[in-house]
Amino acid sequence: RLREGLGEPPQPPRIYVYSREVPEVQELTQGASFCGKGQWGMEVHIHEWLLASSRLVQDPEEADFFLVPAYSICMFEGGFFNLQKLDSMYKE
């Protein structure tokens, strides 16, 4: 029940997740089946959880928050990319 004078309760935030179809995102999210198992799996699982969220929006203009998915620690620790390559990928 609302306390008097507080008005409507705040709405949960709306989230826009950048698509894996974006070439830079595609490169940073490769290896989901490898990265989703093990110590750094939360990078993958948070991404997948947000994609299934009722708060996901398809229009970035409607979003309160944005996620650019990347499994970078897994890509580094798995030997896919070195730190310099990851740094340059983020700057692109």
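**Cysteines, core and surface**

Tutor: Cys35 and Cys74 are both buried. Buried means under 20% relative accessible area, exposed means over 50%, and partly exposed is in between, with a 1.4 Å probe and protein chains only. Before we go on, this is a predicted model: local features need pLDDT of at least 70, side-chain atom pairs count only at pLDDT 80 or more, and totals for chains, interfaces and linings use all residues. Residues are numbered from 1 along each chain as its sequence is written, and side-chain values use heavy atoms, with hydrogens and water left out.

Student: How many disulfides does a search of the whole structure find?
Tutor: One. The cut-off for a disulfide is a pair of cysteine sulfur atoms within 2.5 Å. Cys35 is joined to Cys74, with S to S at 2.2 Å.

Student: Where in the chain do those two cysteines sit?
Tutor: In distant parts of the chain. Cys35 is in helix α2 (residues 32–35), Cys74 is in helix α4, and they are 39 residues apart. Helices here are DSSP runs of H or I with at least four residues, strands are runs of E with at least two, and both are numbered from the N terminus.

Student: Is the disulfide left-handed or right-handed, and why?
Tutor: Left-handed, because the torsion about the S-S bond of Cys35 and Cys74 is about -90 degrees.

Student: Which residues make up the largest nonpolar core?
Tutor: There are ten: Leu28, Cys35, Val44, Ala70, Tyr71, Cys74, Met75, Phe81, Leu86 and Met89. Helices α4 (72–77) and α5 (83–91) each give this core at least two residues. A nonpolar core is a set of buried Ala, Val, Leu, Ile, Met, Phe, Trp, Tyr and Cys residues joined through side-chain atoms within 4.5 Å.

Student: Take Phe81. What does it touch?
Tutor: Leaving out residues up to four places away in sequence, Phe81 touches Glu27, Gln30, Met75, Phe76, Leu86 and Met89. Contact means heavy atoms within 4.5 Å.

Student: Switching to charges. How many salt bridges does the structure hold?
Tutor: Two. The criterion is a side-chain nitrogen of Lys or Arg within 4 Å of a carboxyl oxygen of Asp or Glu. Arg14 pairs with Asp64, and their closest N and O atoms are 3.3 Å apart. That pair links distant parts of the chain, 50 residues apart: Arg14 is in the segment before β1 (15–17), and Asp64 is in the loop between α3 (42–51) and β2.

Student: Now the outside. Which residues form a nonpolar patch on the surface?
Tutor: Tyr18, Val22, Phe66 and Val68, with about 320 Å² of accessible area together. Areas come from the Shrake-Rupley method with a 1.4 Å probe, and for residues only the protein chains shown count as cover. Patch residues have over 30% relative accessible area and no salt bridge; like charges are joined within 9 Å, and nonpolar side chains (Val, Leu, Ile, Met, Phe, Trp, Tyr) within 5 Å.

Student: Where is Phe66?
Tutor: In strand β2 (residues 65–67). Phe66 counts as partly exposed, at 45% relative accessibility.

Student: Back to loops. Where is Gly36 found, and what does it touch?
Tutor: Gly36 is in the loop between α2 and α3. Not counting residues up to four places away in sequence, Gly36 touches Gly41, Val44 and His45. Gly36 is buried, with a relative accessible area of 16%.

Student: What about His45?
Tutor: His45 lies in helix α3 and counts as partly exposed, at 35% relative accessibility.

Student: One more loop residue. Is Glu61 buried or exposed?
Tutor: Exposed, with a relative accessible area of 72%. Glu61 lies in the loop between α3 and β2. The C-alpha atoms of Glu61 and Tyr16 are separated by 8.9 Å, with the two residues 45 apart along the chain.
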